[in-house]
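Biologist: I would like to learn how to read a model of this kind. Could you take me through it step by step?

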Amino acid sequence: MNYEHLSDKDLQEYALQKQNCYPGIMEHIQQCISCQIKAEQYSTLFAAMQDLEKPSFDFDLSAEIIPQLQVKKKPVSHSPVYLSIALIAFAFVLVTILFGNAFLSLFLSMAPILFALIMTTVSCIAAIIIIDMYKKHKAKMNSLNYY
Ligand SMILES: [Zn+2]
C-alpha cells in the first residue's frame with residue numbers, strides 16, 4: 001500500500017471519474033479513510049457546483065455595449081506588394097545600369113530553354129513569396145483593427 005496520501009488532483013480526478021481513474025488511486029482510496037472522506041467531500045462539492053445556476057447579467061449586455069463601439073474607418077492599405085514591385089524594379093534597373101553588357105552577353109550566350117526555365121522558376125518563387133507576404137500583412141492589419 002502507498003502510505004503517502006493522494007494529492008488533491010488525484011482526489012478530484014477520482015471524484016469526477018471513478019471508473020476511469022488510475023488503479024493505484026482506487027486501491028489507495030479503498031484502504032485509506034482520510035482520502036475516502038476527502039474524495040467524498042470533493043464529490044459533494046462537484047455535485048453542488050453542477051446544481052448552481054449559471055451566472056448571467058439581468059440586462060442585455062450586448063445591447064448596452066454595441067452602440068458604444070465605434071466602427072473604425074478602414075485606413076488606406078499600403079500594400080507590401082507595391083513596395084516589393086518597386087524594390088524589384090529598382091534592383092533590376094540598378095543591375096542593368098551597372099552590369100548591363102555583362103548580363104546581356106550572359107543571357108544571349110545561354111540556351112533559350114535554360115533562360116526560360118530560370119525565369120519561370122524565379123517568377124514563381126517571387127510570386128509565392130509576395131503572395132505569402134501580402135497574406136501575412138493582411139492578417140496582421142486585420143488583427144490590429146480590433147481595439
Ligand atoms: Zn490516503
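Biologist: How much space lies in the largest pocket?

Modeller: This is a predicted model, in which local features need pLDDT of at least 70 and side-chain atom pairs count only at pLDDT 80 or more, while totals for chains, interfaces and linings use all residues. Residues are numbered from 1 along each chain as its sequence is written, and side-chain values use heavy atoms, with hydrogens and water left out. Rolling a probe the size of a water molecule over the atoms shows where empty space is left. A pocket is an open set of points on a 1 Å grid over the protein atoms alone, where a 1.4 Å probe fits, with protein on both sides within 12 Å along at least five of seven lines. Here the largest pocket holds about 420 Å³, a volume being the space filled by probe spheres set on the points, which are joined across faces, edges and corners.

Biologist: Which residues lie nearest the centre of the largest pocket?

Modeller: Lining residues have an atom within 4 Å of a point. There are 14 of them in the largest pocket, and Phe92, Val95, Phe103, Phe107 and Met119 lie nearest its centre. Helix H5 (80-109) and helix H6 (112-144) each supply at least two lining residues, helices being DSSP runs of H or I with at least four residues, numbered from the N terminus. H5 gives the most, with 9 residues.

Biologist: Is Phe103 buried, partly exposed or exposed?

Modeller: Buried means under 20% relative accessible area, exposed over 50%, and partly exposed in between, with a 1.4 Å probe and protein chains only. Phe103, which is in helix H5, counts as partly exposed because its relative accessibility is 33%.

Biologist: Which residues are the protein donors of the zinc ion?

Modeller: Donors are N, O and S atoms within 2.8 Å of the metal (3.2 Å for Na, K and Ca), and sites may look incomplete, as water is not among the atoms. For the zinc ion they are His5 (ND1), His28 (NE2), Cys32 (SG) and Cys35 (SG), at 2.1 to 2.3 Å. His5, in the segment before helix H1 (8-16), and Cys35, in helix H3 (residues 33-51), are 30 residues apart, a pair that links distant parts of the chain.

Biologist: Why is the arrangement around the zinc ion tetrahedral?

Modeller: Four donors count as tetrahedral if all angles lie between 85 and 135 degrees. The 4 donor atoms subtend angles of 95 to 131 degrees, so the arrangement is tetrahedral. Cys35 is buried, because its relative accessible area is 1%, whereas His5 is partly exposed at 45%.

Methods: Tetrahedral: all angles 85-135°; square planar, octahedral: opposite > 155°, others 65-115°.
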